[in-house]
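Good morning, colleagues. Please look at the screen.

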Amino acid sequence: MLTNSGGWGPVHVEVESQGGSPAPAPDRVLTSSEQILAASDRTSAPLTCGLFVQTGGALEVTRLRLAVRRAIGRHPMMRASLYGARQYAWRFAALPSSDPVGQIGDGSDGWHVHETMMSSPFDLRAHPPLRIALVQRPDGDQLSVVAHHLAVDGMSLAAVVSEIFAEYRVTDASTTATADRSGGGRVGLPAGVPSAPRSAGHGWTAFTHRSGRHITPLDASRTAGYGYHPMTLPVPDRRVTLPGGRRLTVNDLLVAAAHLTIDRWNRQRGGEAGTLRVRMPISLGTMPGASGNNTGQVLIVSEPADRADLIRLAGRIVDQTERAKQAAAVPVIAGVAGRVGTAATGRIPGPWRGSLLRLGVRTARPLITPAAAVSNLGPLAGIASDSPTISSVYFTGTAGMPQGLFIGATRYGTGLHLAFGYHRHLFGRAAAAAFAQIFRTAFDELAGIGHETRQGRRC
């Protein structure tokens, strides 16, 4: 229930989750993986993840705010803050330190708002690790939900958004009217989000062009932060199988298409494409005694000879993804970076750890960063609304240079919704759209492997 309903700050919220108010959560020190992630966070490339929801109607902002309150009352990480001189510990307040919901009705495009929200660093000492913008538009409201990746992973964020819409459906008119009488909310971007883009110099272009392990930049700008190019593909209407009967999942197709697209992109622009590594997040489940980001990572590798033959490439990808799913332990941070970081957090004294980790990450980034990341959240049927209806849900992530590319995928309705998230030092809008079209072609070719084989047999 809600008591003393009004503005965000002093309101006491009791969420009827299993019959009680939010249970107090004890402070806890950051885990080793969280310390590595914190060391990787940069103002020019903050570690954020988000969901972009397109509706077919209008959302009531007061009702939405109440739904957000109730939902995050059940999720301590959504109202957490870092404290201490070196921010090594989480503290979980009964309420977020500021209102995470903003309302924008000035005609702004929701994707532009989402880019700003994803590109803006979080001050986790002063603001909660969740920010939400309701973008009101005549063709259907858009909801931008962004969280700091230190506090939440993609699946956890999807669960929070599902609960927000579930609470929105059951919030009655009398509760909304009571809240309305006590005052509105924040108009504009949520607290802590600057509206002006930042500029930052970069020296990645020559390195990525010559290395053969990253994407050749095109139309790069000197503006820090991220851009997004959305695209919807039809979900393959049949099983895609390799000779021998092994099946390619949609996730396999996405990862293989990323390898093939980077290869073709680099070669078309006079670059090189040697050994490519694509990062693939994989769920670890819930860690005992800790909430927050529970995603592990594996690197999926291909060589030029693999990418010269579709069936060979698909087989190489399936070999690796099957091993990853069967592994007893998946590293939280993939590759050399994870092994070194884990060792460092266990052996370096606390007062020096954060500074040394940041220095190590900055120094090693060009050598250990993969070419891209592909993250597939799968079906998101749990995010549902009748009034208004929801037409699409996109998952967005981030990737600093020299990687610079994150491909997020969701299935909602009959579509496979992709968001190509790129650092602005890698692509401009036209380049991102061109890359996405090459990806579409590569995905279609890979999805047709089994079909082509059967057609040949019939002939």
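Two strands are said to pair if DSSP finds at least two bridges between them, and strands (E, at least two residues) and helices (H or I, at least four) are DSSP runs numbered from the N terminus. This is a predicted model, in which local features need pLDDT of at least 70, side-chain atom pairs count only at pLDDT 80 or more, and totals for chains, interfaces and linings use all residues. Residues are numbered from 1 along each chain as its sequence is written, and side-chain values use heavy atoms, leaving out hydrogens and water.

I begin with an open sheet of three strands, in the order 1-4-3 with antiparallel pairing. Its edge strands, strand 1 (28–29) and strand 3 (80–83), each pair on one side only. Two bridges connect strand 1 with strand 4 (residues 89–92), and arginine 28 stands opposite tryptophan 90 in strand 4.

Trp90 brings us to the largest nonpolar core, where Trp90, Leu51 and Ile383 touch the most other members among 64 residues. Such a core is a set of buried Ala, Val, Leu, Ile, Met, Phe, Trp, Tyr and Cys residues joined through side-chain atoms within 4.5 Å; buried means under 20% relative accessible area, with a 1.4 Å probe and protein chains only. Helix 4 (residues 154–170) gives this core its largest share, seven residues.

Finally, strand 15 (residues 390–396) is largely enclosed by the rest of the structure, because six of its seven residues are buried. Strand 2 (residues 48–55) runs antiparallel to strand 15, joined by six bridges, with threonine 55 opposite isoleucine 390.

Notes
Buried < 20%, exposed > 50% of the residue type's maximum accessible area, 1.4 Å probe, protein only.
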